[in-house]
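User: Hey, can you walk me through some side-chain packing in this one? I'd like to start with the aromatics.

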Amino acid sequence: MKILHFLTLLITPFAGYAQQKVFNITDYGAKADGITNNTISIQKAIDNASAQGGGTVYVPAGKFLTAAISLKSNVTLNLAKNAVLLGSAKRIDYGEGHAAPLIAANNLQHIAITGKGAIDGNGEELLKDLFAMLKAGKLRDSLWQKQNPWGQTQPEEPNRPKLIHFSNCTDVLIKGVTMKNGLVWVQDYTKCRDLVIDSIKVESNTYWNNDGIDLVDCQNVKLTNSFFNADDDGICLKSSDRNSSCENIYVANCTTRSSASGIKFGTASHGGFKKITIKNVKIYDTYRSAIALECVDGGVMEDIDISNINAVNTGNAIFIRLGHRNKDIVVSRINGIRISNVTVDVPKGKPDKGYPMEGPLVKGNHNTFPSSIAGLPGHPVKNVILENIKIVYHGDASKAVANVSLDSLTKIPENPHDYPEFSMFGELPAWGFYTRHAEGVTFKDVTLSCLGNDFRAAGVFDGVDRLTINGLKIPQVKSLPVIVFNRVSKSSVKGIQIPGTSKNKILKR
């Protein structure tokens with residue numbers, strides 16, 4: 001699988017601006033008291049820098065309150081150590097309709113946010129004012145009084161301002177800064193090109209939908225050496241345009257914690273994901289999947305290489321899903337995924353228990369969900385390689401909780417239009433790995449361990465064409481059969497290690 005790493009992408013970004021003129025926001029009247037609204041002062045500094053051909057807008061140490069501001073081309077916003085851009089706690093400061101982001105950029109070139117300071121969305125205080133405006137009827141919102149499927153109420157996402165939203169920008173650098181206390185996606189980069197994000201820290205545990213970072217239909221991106229602690233997905237790639245895609249993206253040396261999924265492609269997947277490399281990522285205390293690859297809106301997922309992932313205290317290891325959520329006849333395609341050198345430790349309890357905004361419990365009775373690869377009838381997930389994978393499950397399972405017998409495989413719902421999630425099929429007949437509607441699947445040196453009690457098979461392969469197993473180790477036999485092949489064709493199986501002498505370890509139908 002050939003992946004463009006583009007390690008040379010913008011190796012010395014903004015080198016041409018090393019001698020940029022500096023515009024200190026205090027020279028424009030900004031006050032670091034955390035009370036004065038400095039929006040006009042900060043915007044004047046940005047506008048003046050732009051008018052003079054570019055420059056660095058400098059935020060010195062101190063707490064500078066601001067409402068929505070807009071960057072300009074050739075401008076760097078530099079936050080000194082101990083500098084804080086504190087978002088206004090007044091919802092009206094972000095507009096009467098769709099909430100403007102705290103920092104916006106649209107159709108710009110050569111822009112940057114750098115430094116050791118912080119961008120603080122002031123989320124808890126802003127949320128109080130948002131609810132006050134809703135109760136007073138000063139904002140339109142169709143959701144804030146309705147319960148979501150998990151029994152909570154929350155205002156619509158457009159009523160909650162993002163910290164950063166850059167769209168259609170080229171040559172972008174985000175380096176060194178801390179972002180925290182947002183009310184929705186912390187940072188949204190839509191259709192941006194030549195984007196470098198390095199050494200940032202995101203603390204996003206204030207409210208729902210708080211993804212750590214969203215790359216939406218972006219191309220030529222390098223994300224490295226960063227930390228994400230998020231209520232929602234940690235590192236998230238999305239595609240909202242059928243005629244675009246996330247392409248040539250390189251992610252490395254990051255750490256993420258999430259009350260959703262650690263690494264996620266989707267759910268929006270209209271155009272797709274191509275030539276993506278992700279490696280050397282640590283994931284911990286994550287409620288849902290360590291790796292979730294979802295293509296359900298008519299897009300294409302191909303040429304994906306994910307390696308060297310270490311996930312501990314994570315609710316699910318790997319979830320690969322091809323669905324058909326879009327209303328037209330175009331069906332998504334997944335072809336060419338390699339996942340290698342991955343270790344995942346799945347606990348007995350809830351992995352994100354005790355965090356400020358825990359992930360909502362899955363409804364209904366169920367046992368631990370296995371990893372899964374799931375396509376659709378006539379539309380299989382194609383050419384997936386899993387190599388050197390180790391997944392350890394600590395939980396117990398009981399038939400009294402839920403049970404799907406091996407004679408009921410056809411009754412497992414397809415749910416082609418449903419929101420993709422590792423729990424979307426309900427109870428599954430495997431504790432380790434469940435694969436259905438797939439073609440060209442390779443398991444090489446995969447170990448599935450179960451330290452608790454479980455009555456289910458370790459692995460179920462149902463409707464798989466061209467299955468290759470070259471090293472599959474099941475150290476603990478919990479029940480027979482251990483592995484089930486149902487409607488599996490053109491298989492090559494060797495190197496399966498299962499303790500014991502029983503002839504009923506593998507069931508073929």
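This is a predicted model: local features need pLDDT of at least 70, side-chain atom pairs count only at pLDDT 80 or more; totals for chains, interfaces and linings use all residues.

User: Where in the chain are phenylalanine 166 and tyrosine 189?

Analyst: Phenylalanine 166 is in strand E11 (residues 164–167) and tyrosine 189 is in strand E14 (residues 187–190). They are 23 residues apart, so the pair links distant parts of the chain.

User: And is phenylalanine 166 buried or exposed?

Analyst: Phenylalanine 166 is buried, at 0% relative accessibility. Tyrosine 189 is buried too, with a relative accessible area of 0%.

User: Which residues do ring pairs link into a cluster?

Analyst: That would be Phe433, Phe443, Phe461 and Phe485.

User: Switching to charges, what sits over the ring of tyrosine 355?

Analyst: The charged end of arginine 257 does, 3.7 Å from the ring centre. Over the ring of phenylalanine 425 you'll find the charged end of arginine 436, at 5.2 Å from the centre.

User: Now serine 73, where is that?

Analyst: Serine 73 is in the loop between strand E5 (69–70) and strand E6 (75–79). With 18% relative accessibility, serine 73 counts as buried because the cut-off is under 20%.

User: What does the side chain of serine 73 reach?

Analyst: The backbone nitrogen of glutamine 109, at 3.0 Å. Leaving aside neighbours within four places in sequence, serine 73 is in contact with residues including Ser50, Leu108 and His110.

How values were computed:
Residues are numbered from 1 along each chain as its sequence is written. Side-chain values use heavy atoms; hydrogens and water are left out. Helices (H or I, at least four residues) and strands (E, at least two) are DSSP runs, numbered from the N terminus. Buried means under 20% relative accessible area, exposed over 50%, partly exposed in between (1.4 Å probe, protein chains only). Rings of Phe, Tyr and Trp (its six-membered ring) pair if their centres lie within 6.5 Å; planes under 30 degrees apart count as stacked, over 60 as edge-to-face and the rest as tilted. A charge sits over a ring if NZ of Lys or CZ of Arg is within 6 Å of the ring centre and within 35 degrees of the ring normal. A polar contact is a pair of N or O atoms within 3.5 Å; within protein, one must be able to donate a hydrogen and the other to accept it, and residues adjacent in sequence count only if both atoms are side-chain atoms. Contact means heavy atoms within 4.5 Å.
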